[in-house]
Amino acid sequence: MTGLTRVIEHRAVQYRRTYRSSVFTSFLSPVLFLTAMGIGLGGYVDRSGGAALGGLTYLQFLAPGLLAATVMQSAAFEATFPIIGGLNWQRTFHAMYATPLSPRDIALGNLVWMAIRVAMIASVFTIVIVAFGAAHSPLVVLGIPVAVLTGMAFAGPIAAFSATQRTPNRFNVIFRFGITPLFLFSGTFFPIESLPSFLQPIAWVSPLWHGVDLTRGLVLGTVAQNPGLMFAHLAILVTIVAASTWATVQTIERRLVRG
Amino acid sequence: MPPSPDSSLIHARGLTKRFGDFVAVDAIDFDVAKGESFGFLGPNGAGKTSTMRMIGCVSPISDGELRVLDHDPGTEGPTIRARIGVVPQQDTLDTELTVRENLVLYGRYFGLSRAECGRRADELLDFAQLTDRQNDEVEPLSGGMKRRLTIARALINEPDLLLLDEPTTGLDPQARHLLWDRLYRLKQRGVTLVLTTHYMDEAEQLCDRLVVMDKAKIVAEGSPRQLIDRYSTKEVTELRFPAGVQETLDGKLDGLAERIERLADRVLLYADDGEAVAVAAHERGLEPETVLVRRSTLEDVFLRLTGRSLIE
């Protein structure tokens with residue numbers, strides 16, 4: 001446990017150097033998105049009647065989805081470059097491994113740090129949602145841990161993969177063919193029912209869709225309408241996070257032992 | 001004298017490291033005593049780094065026996081790592097943080113309090129002659145400064161044993177001498193040093209005792225002086241001939257010295273009186289471009305043992 005906190009401490013000292021611009025960006029991004037798409041584009045969407053969105057304004061529909069999707073992007077970033085840097089560029093993970101810290105401390109410490117970063121981003125985003133009047137339930141607060149869980153469902157598998165890479169070449173593939181399509185087609189900007197039926201299964205296997213749907217249920221307070229589905233979302237996300245945490249410990253350990 | 005097994009800080013018998021079919025370290029035996037400065041000398045790929053990584057408990061042994069500080073690296077890695085300092089071949093500093101932050105954070109890995117880390121960082125900054133750069137980022141520092149910081153960092157837990165993997169490779173001569181001076185001070189304070197190098201001058205400067213490694217095996221062991229006495233002559237006469245001449249010398253050098261080595265660009269004649277060899281060569285009518293008489297070094301020992309130069 002203490003070894004893990006030392007790793008987090010290192011990441012926190014690194015973060016201290018950039019936190020001002022980072023916090024500013026965390027605010028700016030949701031403000032811009034919700035203004036442009038929620039209010040600007042949403043004005044047109046709402047004029048055509050809200051039946052397809054279950055009576056919600058487009059801003060209300062978009063805000064929770066965008067929260068989960070933004071967190072996914074940040075988590076994916078945190079799980080790529082800092083991991084490959086620690087193992088291959090700066091090699092700070094090797095420095096840690098030369099001390100009493102274990103590969104497990106190093107892997108878990110970094111994953112916990114990713115969760116902390118993602119929680120910060122999700123919290124700021126949630127404040128912006130409330131400020132825009134897009135929250136409809138006190139349960140909006142629970143949107144934060146669910147967003148973190150969604151983020152970690154990406155950070156975990158990606159971190160496990162990053163630890164096997166010596167160059168960032170394949171990260172482009174993850175972002176171009178993984179993160180970006182999921183960002184667009186996981187029910188963030190429109191209900192997945194609008195997709196042609198043969199494309200809908202893509203959303204079902206996307207961790208983001210589970211996260212988006214669950215976050216939306218909490219932010220809008222509709223979670224009780226379909227508890228079985230909501231529980232399934234939660235179970236799937238928890239399973240992915242648990243399995244990928246284990247995998248990350250394995251791949252980081254293998255890489256550190258190989259030298 | 002080699003230490004007896006029970007007083008040694010590192011004890012290895014039949015120590016082996018395999019990567020698949022490749023044998024990186026092939027059943028080597030050695031002991032390192034407390035307070036000793038011990039070296040692994042050998043060319044790149046001889047198995048030095050693999051050996052160091054096993055001692056540092058970051059790479060499991062494939063076969064044989066290894067005890068470090070009287071613990072088993074296989075099961076007590078963290079306990080051992082808490083008491084050793086490691087200077088890896090490649091720097092592992094956090095180059096975006098300051099010099100001081102690097103020291104303090106590293107101390108924290110060992111569970112030291114922030115106050116204690118700060119106190120030790122002050123001392124070590126002074127030792128590494130980096131006090132006036134302590135609040136600068138690491139990235140723009142020179143190679144020599146980064147290396148000194150890495151050594152300072154490895155001392156933050158006041159280790160019983162300091163492992164240095166090629167501490168001066170890639171540094172310019174001035175930076176190397178400054179580093180040797182710092183390591184010599186540590187040696188005088190009684191810190192046990194274990195280092196690898198492919199520089200014979202470094203081994204001669206720093207090592208009380210060393211093993212010569214070649215192709216995963218130990219081929220000789222002793223103090224630098226002992227090795228030179230055993231495997232070489234007091235002096236060496238180097239003759240360099242104009243291009244094409246060396247190939248025509250068949251038999252003309254026979255009997256001039258105890259032993260003759262022909263390298264691509266020169267001929268080495270081993271004898272206790274190098275001056276006499278030079279004179280005798282001249283009397284035979286040989287006309288080398290340059291003649292150099294020098295003392296034998298570990299380079300000559302290596303050449304004798306393996307038939308190859310250390311740095312090719």
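## An enclosed strand

Strand 12 of chain B is covered on both faces: B:Val267, B:Leu269 and B:Ala271 are buried on one side, and B:Leu268 and B:Tyr270 on the other. Here, buried means that 20 or more other C-beta atoms, placed from the backbone, lie within 10 Å of the residue's own; strands are DSSP runs (E, at least two residues) and helices likewise (H or I, at least four), numbered from the N terminus. Because five of the five residues of strand 12 (residues 267–271) of chain B are buried, the strand is largely enclosed by the rest of the structure.

This is a predicted model, in which local features need pLDDT of at least 70 and side-chain atom pairs count only at pLDDT 80 or more, while totals for chains, interfaces and linings use all residues. Residues are numbered from 1 along each chain as its sequence is written, and chains are lettered from A and ligands numbered from 1 in the order in which they are written.

## Strand partners

Strand 10 (residues 235–240) of chain B runs antiparallel to strand 12 of chain B, joined by five bridges; B:Val236 has B:Tyr270 as its bridge partner. Strand 11 (residues 259–262) of chain B also pairs with strand 12 of chain B in the antiparallel sense, over four bridges (pairing requires at least two DSSP bridges). There, B:Arg262 stands opposite B:Val267, and four residues separate strands 11 and 12 of chain B in a hairpin.

## Contact between chains

In chain B, 22 residues are in contact with 22 residues of chain A (C-beta atoms, placed from the backbone, within 7 Å). Helix 3 of chain B gives the largest share of the chain B side, four residues.

Note on methods:
Two residues are in contact if their C-beta atoms, placed from the backbone, lie within 7 Å. A residue is buried if 20 or more other C-beta atoms lie within 10 Å of its own, exposed if 12 or fewer, and partly exposed in between; C-beta atoms are placed from the backbone.
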